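Visitor: I'm new to this one. Could you walk me through how to read a few of its features?

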Amino acid sequence: MSSAEFHKHGPGEEGQEYQHPPPPVAPSAGVVTATNAPVVGSGPTTLVCPSCHATVQTRVQYETSTRTHLMALLLCAIGCWCCAVIPYFKDSCKNAAHHCPDCGAYLGVYNN
Ligand SMILES: [Zn+2]
């Protein structure tokens, strides 16, 4: 009776070599941020909706962004505890998401 045990399986000599990460794929020259999103401001912007092609004034929805939280954190850090909530009420501290009032298409965001 010879019970074969596989304890002898040490670290293989081979298999040391394939720790290579794949070479980074160089992006082709010219960064194309393929967004046909129009440039929007912090407030309602008049533009041609790329979705319904109507000239509309965008409907702006302010949403809290990382910056809003950072601002609140900063206010906390400098001791303005009671002011820390202000960024959440100030639209200027939020991102302005623009939508078409006609078709509701998302038109872009303005990062405050
Ligand atoms: Zn539209």
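Visitor: Let's start with V60: which residue is its bridge partner in β4?

Guide: V60 has H98 as its bridge partner in β4. Bear in mind that this is a predicted model. Zooming out, β3 and β4 (residues 95-99) run antiparallel and are joined over 5 bridges.

Visitor: What is the strand order in the open sheet of 3 strands?

Guide: The order is β3-β4-β5, and the pairing is antiparallel. At the edges sit β3 (59-63) and β5 (106-110), each pairing on one side only. On average, neighbouring strands of this sheet are turned by 25° against each other, direction ignored.

Visitor: What about phi angles? What should I look for at H53?

Guide: Here's the general idea: most residues other than glycine have a negative phi. H53 has a positive phi, near 60°, and is a residue other than glycine. You'll find H53 in the loop between β1 (46-48) and β2 (55-57).

Visitor: Why does H53 count as exposed?

Guide: Use the cut-off of 12 or fewer again. H53 counts as exposed because it has 10 C-beta neighbours inside 10 Å.

Note on methods: Residues numbered from 1 in each chain as written. Predicted model: local features only at pLDDT ≥ 70, side-chain atom pairs only at ≥ 80, totals over all residues. Pairing = 2+ DSSP bridges. Helix = DSSP H or I, 4+ residues; strand = E, 2+ residues; numbered from the N terminus. Axes fitted to C-alpha atoms, helices over the stretch in contact; angles between N-to-C directions. Buried ≥ 20, exposed ≤ 12 C-beta atoms within 10 Å, placed from the backbone.
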